[in-house]
Amino acid sequence: MLKGLIFDVDGTLADTERDGHRVAFNAAFRSFGLDWDWNVSLYGELLAITGGKERIRHYLTHHCPGRLMAAGLMPHIPALHKEKTRHYMELLQQGHIPLRPGIRRLLAAARRHGIRLAIATTTTQDNVDTLLSQTLGPAATTWFDVIAAGDVVAQKKPAPDIYHLALRQLGLQPAECLAIEDSENGLRSSLAAGVPTLVTVNAYTRHQCFNGAVAVLSDLGEPGHAFQVLRGDAGGHQYASLDLLQHWHASSALPSAARDSGTHRAP
Ligand code: XBP
Ligand code: MG
């Protein structure tokens, strides 16, 4: 039985990367007098590295023109990332980053039906709190029994650490939950923790491999705004209702033969 929904944040709750984090990184580089420009295409490559500090370190190691410059900048990564987070929070506070389709609707449905809510994300707690309060109101952070975010774990996604922490703090078994993710790194993390996972892609992740997901969608959809089912059986539904999530969750518990036989159809 589905007892908990565990949401990823970046790319899942909101499309935060291209016009949010990426813009904030570039603003921080300018604040530090660095002429680096993470354009849309390069940032798409750098997203393979989760964690903003880890992404900067990767850039310094693999992309930075001067070796000496890279070595000299390594100690400044925490300060650079702090400046980036300041810029990102400003973008959030200006209301530039809306929730993705279906998020508000599903959170409300889960709360009405007593399904517990959690977050498992690589970004910082501050970024999560600001996104939730800006888009859903100041009380929204209290809707989540658990917000597992950023550096609270040793290994970031695709390692399962953040999902293990969320499950431990929820006091739920992996099979009692459904994760919602947007990226291959996120899916690998949730599946490694044993959590059945629904994927909603975005422009940066649409081409990635999502083997093992209960279904892959363009987004969660809304009444009158149909989703695209990229993989899986939505039984003719036009958007991801709580019923449909519960169906996908139940089907994930079935032996693959029963699941693949199509006998367990969407409601
Ligand atoms: C996506 C990430 C984060 C963001 C940047 O997190 O990998 O690192 O790109 O945020 P999610 P920070 O698990 O929510 O998809 O700079 O705060 O790390
Ligand atoms: Mg994500």
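**Asking how we know**

Me: What makes Asp182 count as buried?
Reply: Good place to start! This is a predicted model, and in it Asp182 has 6% relative accessibility. Buried means under 20%, so Asp182 counts as buried.

Me: And why is Asp10 called buried?
Reply: The reasoning runs the same way: the relative accessible area of Asp10 is 10%, and the cut-off is under 20%, so Asp10 is buried too. Across the protein chain, buried residues make up 53% of the 267 residues.

Me: Which parts of the chain does the pair Asp10 and Asp182 tie together?
Reply: Asp10 sits in the loop between strand E1 (4-7) and helix H1 (17-31). Asp182 belongs to the loop between strand E4 (177-181) and helix H9 (184-192). The pair therefore joins parts that are 172 residues apart in sequence. In total, the chain has 11 helices and seven strands.

Me: How do you know that the radius of gyration of the protein chain agrees with a compact globule?
Reply: Compare two values. A compact globule with 267 residues would have a radius of gyration near 18 Å, and the protein chain has 19 Å, so the two agree. Along its principal axes, the C-alpha trace spans about 60 × 40 × 35 Å.

Methods: Residues are numbered from 1 along each chain as its sequence is written. Chains are lettered from A and ligands numbered from 1 in the order in which they are written. This is a predicted model: local features need pLDDT of at least 70, side-chain atom pairs count only at pLDDT 80 or more; totals for chains, interfaces and linings use all residues. Side-chain values use heavy atoms; hydrogens and water are left out. Helices (H or I, at least four residues) and strands (E, at least two) are DSSP runs, numbered from the N terminus. Buried means under 20% relative accessible area, exposed over 50%, partly exposed in between (1.4 Å probe, protein chains only). The radius of gyration is taken over C-alpha atoms; the globule rule is 2.2 Å times the number of residues to the power 0.38.
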